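Hi there,

Here is the structure I promised to pass on. Have a look at it first, and then read on for my notes.

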Number of protein chains: 2
Amino acid sequence: MNPLVTALEGSTIRALHARRRPTSIDLGLGQPTLPPTVEYFERATRWVAEHGCPYSTNAGDVALREAIASHYAYPALDVAANVCVTTGSQEAVYVALKTVLDPQRDELLVVEPAFPIYGKIAQLEGIAVRKVSMGAAGGFAFDPERILEAIGPATRVVVVCSPCNPTGKVIGDAAVRRIAQALLDRPGPPVYVLHDEIYREQTYVEDAGEFAKHYPYTLAINSLSKSNSLTGLRLGWVISPADVSAEIVKAHGWVTSCASTFGQRVALEIFRDGALGEHTAWYRAQRDAVIPLARASGLDFIEPEGAFYLCLRAGVADSKAFCFELLEREDVVAVPGRLFDASFEGWVRTSFVGPLADIREGFARIAEMSALAAAAT
Amino acid sequence: MNPLVTALEGSTIRALHARRRPTSIDLGLGQPTLPPTVEYFERATRWVAEHGCPYSTNAGDVALREAIASHYAYPALDVAANVCVTTGSQEAVYVALKTVLDPQRDELLVVEPAFPIYGKIAQLEGIAVRKVSMGAAGGFAFDPERILEAIGPATRVVVVCSPCNPTGKVIGDAAVRRIAQALLDRPGPPVYVLHDEIYREQTYVEDAGEFAKHYPYTLAINSLSKSNSLTGLRLGWVISPADVSAEIVKAHGWVTSCASTFGQRVALEIFRDGALGEHTAWYRAQRDAVIPLARASGLDFIEPEGAFYLCLRAGVADSKAFCFELLEREDVVAVPGRLFDASFEGWVRTSFVGPLADIREGFARIAEMSALAAAAT
């Protein structure tokens, strides 16, 4: 067997969820609870009744690729040739990293705290990984100077997940411009920025930065999963320079052939209706309501600028042990901070996609367990 | 960039199709033309209205995995733990080969003629490939002795696509038993057989062999694409020993996370209705009708035992040049044999999913071009 596969550990998040009880307050969710708009499925079904359900081209239906390209209208990345439609953003990240990085020579730089998939994919592909932590001192805000300093001679891709899972921080436009300019000024082959924008429609600040607006060597990743409550549709995409995109399409073609034709039709209907932001107002209201609850818990927390997570500082030495005990004793699911970054140890990630009463009660129980842990040491 | 990606050539089949005209007789199709049953999409849409469209577990919905496992009821491979649901059979082949083969040590053996994906995936993963040709002398029938002789010390997976794309040959039960017994008797680590059964519901002979019935180290691949005219649904699976399956699920989880929840619901409805064979009778009738047309062409041909292809011997030195000229001059799309095996040079693959009148006319034009080519040499 392939040692790169067998060496991969199982997911701690899934291990936690496997122990969840029917009574549990689940603040561990990584997906929306709002129902999706069923009408898009009905329209796509009518399309299938007329056209069947044939393969699309490897890169995806050209009408959808055009709709995606013109919706974002990123300079120099705004035509169908820049878009590859994939099986969710997971496959988009997978084929983008696999294509752009040569495991024999290149290195990936992950800006942390970050969702663990980037490092895990690199591990699976035998690609070296460097990490740069944004750190508690700056409140986990994206720091362009730290990111630039961390870029080594072999770094060919920098991953930025903004709005950030887990911290909810959003990189600002000025920070993006600073990084873009420094990378453009750098001699040698380009350093690509993989900007995972999957929480783009859950942004609560005004000056959010987008690499693709300022930097031509951007791999912009997105999907319908979080914006439209369609995690199970597995419909994502990567927008990239045309020469890179052509290579990504080749890799994608051999990995999955093409994204679901049905899913692509749902996506086209959503783009044509301009419905990517159909749930944004709900998330904004939820975020505004959850901040006072976090404050009432008495714990330090990070005010979410985006995404649907709120991180609390439990102040414990072992956040993984804490979260398993929290579930065992207090019946609350939360995700250990250390999964996202060594410097995020002591924190827990909660999501605010559920009912506010549950969130209030969950926060209270986390605060109580945290106080007990502090008293015990 | 990753040299394993950039070194991959574009698809000749796609290049041919790109030159197709509205008037072309297209015998190059690799997918059904029958419409799918729309009711399954309607039922899945009603399910989404009730349950939303959340992620499934990485391996797939357990009810679907159980339905698949018990439908085939392969000995020792008959529970949910043996099944990983994937984005079509393409991803099933991809993650199965990626998981089971160590690129540093192991070798893949491909039984040819065969659809090129197995070798291309190995190339993308840096896995060494050995090929064994079934050869014209035996009418391209699967020859267990030739296959066994070709297994080298580093061979860890043998790929058998039966019913075969392109030849339409089906491996018999006796041949499967012979190979299974020889592999079981072999000392050392197991040699897995990847049996691509995607054309299983288009089988026209009685004694078709299935490796998973006789050999525990089988990776059985299938999907709804060909059986139910659902190529665009991207819903496939791999059935494998539980220890291998657990590793395949890990790789699959990082490559695509999970298959479409909507697609999985369509699949569950199809399995519950026992509708995998809903189109089999049509293909059987089509196959029976197309054989006299092939005979009338005057060309040598392979009588299809399965799948929906009929291969004709054009008798030319360069089947690729022949097929481009055939399209240019005679307005017929057919696929060059050399894409499937060096020994299949001179042959062309046609598919019989279209109208019989088109097939008759297409065969006549291929025969005419073939005669002209023979006269010219």
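In chain B, 3 strands form an open sheet with antiparallel pairing, in the order β9-β12-β11. Strands here are DSSP runs of E with at least two residues, helices are runs of H or I with at least four, and both are numbered from the N terminus; two strands pair if DSSP finds at least two bridges between them. β9 (309–313) and β11 (335–336) of chain B are the edge strands, each with a single partner, so one side of each has no neighbour in the sheet. Between β9(B) and β12 (residues 347–351) of chain B there are 5 bridges, and these strands run antiparallel. Within that pairing, B:Tyr309 is opposite B:Ser351 of β12(B).

Before you go further, please keep in mind that this is a predicted model, in which local features need pLDDT of at least 70 and side-chain atom pairs count only at pLDDT 80 or more, while totals for chains, interfaces and linings use all residues. Residues are numbered from 1 along each chain as its sequence is written, and chains are lettered from A and ligands numbered from 1 in the order in which they are written.

**How the two chains meet**

The contact takes 52 residues from chain B and 52 residues from chain A, where contact means C-beta atoms, placed from the backbone, within 7 Å. Elements giving two or more residues to the chain B side include α3 (39–51), α5 (88–100) and α10 (242–255) of chain B. The most come from α5(B), with 7 residues. By class, that side has 26 nonpolar, 18 polar and 8 charged residues (Ala, Val, Leu, Ile, Met, Phe, Trp, Tyr, Cys and Pro count as nonpolar, Asp, Glu, Lys and Arg as charged, and the others, Gly among them, as polar). The copies meet through the same surface, because 100% of the interface residues of chain B are also interface residues in chain A.

Just after α4(A), A:Ala73 has a positive phi of about 50 degrees.

A:Ala92 belongs to helix α5 (residues 88–100) of chain A, and is buried with 30 other C-beta atoms within 10 Å. Beyond four places in sequence, A:Ala92 contacts A:Thr86, A:Ile221, A:Gly236, A:Trp237 and A:Val238.

A:Ile25 lies in strand β1 (residues 25–26) of chain A and counts as buried, with 25 C-beta neighbours inside 10 Å.

Key: Two residues are in contact if their C-beta atoms, placed from the backbone, lie within 7 Å. A residue is buried if 20 or more other C-beta atoms lie within 10 Å of its own, exposed if 12 or fewer, and partly exposed in between; C-beta atoms are placed from the backbone.
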